[in-house]
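Dear colleague,

Please find below the structure that I am handing over to you.

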Amino acid sequence: MIGRGLAVGEIGIDLYWDKTYLNQQLIAFKSQIEYAIAADLPIVIHARNSFNEIFEVLDTFKSNGIRGVFHSFTGGLPELERIRQYDFYIGINGIVTFKNSGLAEVIKQFPLNRILLETDSPYLSPVPKRGMRNESAHLVYINDFMANLFSLTPEKFAEISSDNAAELFNLI
């Protein structure tokens, strides 16, 4: 019997430095998705310079009820549209607060009920803590930024993102 957890991850494909081990990453990613399906758990996807490769793998599992979140989402509108097709969530961290990231305008195109907040500690501290070691306490800055972006109160945005996390990770 497979033990109970909250999710399988962080799994995915990272092609930031090079593609030398792409085949090994594909094999591992597929195996980890199979485990998640067998355990009825969502996946937390790490996608760095690899959205196309990840989408190709996800396409093969689409009918298996796979669910999850794209951790530390940094894609553009084309990637967002593909993610929407899978009914996945996106994880938003301090990058959204960076002046030149362009991420805020992209995220505004995504449904609120599919957005999660995350810290990605110890890196990616939000403004005004950028450049410092990140910690969970900094989540308040990301929440405030996102609330403003969607013209909501910080309390309302926190409630929405918390409800989203509870739904995805079966915490309700």
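Axes are lines fitted to C-alpha atoms, for helices over the stretch in contact, and angles run from 0 to 180 degrees between N-to-C directions. Helices (H or I, at least four residues) and strands (E, at least two) are DSSP runs, numbered from the N terminus. The model is predicted, so local features need pLDDT of at least 70 and side-chain atom pairs pLDDT 80 or more, while totals for chains, interfaces and linings use all residues. Residues are numbered from 1 along each chain as its sequence is written, and side-chain values use heavy atoms, without hydrogens and water.

The axes of helix H5 (residues 139–149) and helix H6 (residues 154–168) come within 8 Å and cross at roughly 105°. H5 is therefore roughly perpendicular to H6 (angles of 65 to 115 degrees; under 35 is roughly parallel, over 145 roughly antiparallel, and the rest oblique). In this contact (heavy atoms within 4.5 Å), H5 contributes Asn143, Asp144, Met146 and Ala147, and H6 contributes Pro154, Phe157, Ala158 and Ser161.

Strand E4 (residues 89–92) pairs (at least two DSSP bridges) with two strands. With strand E3 (residues 68–71) the pairing is parallel, over 2 bridges, and Phe70 has Ile90 as its bridge partner in E4. With strand E5 (residues 115–117), E4 also runs parallel, joined by 3 bridges; there, Ile92 is partnered by Leu117.

Tyr89 and Gly91 point one way from E4, and Ile90 and Ile92 the other way; all are buried (under 20% relative accessible area, with exposed over 50% and partly exposed in between, using a 1.4 Å probe and protein chains only).

Yours sincerely
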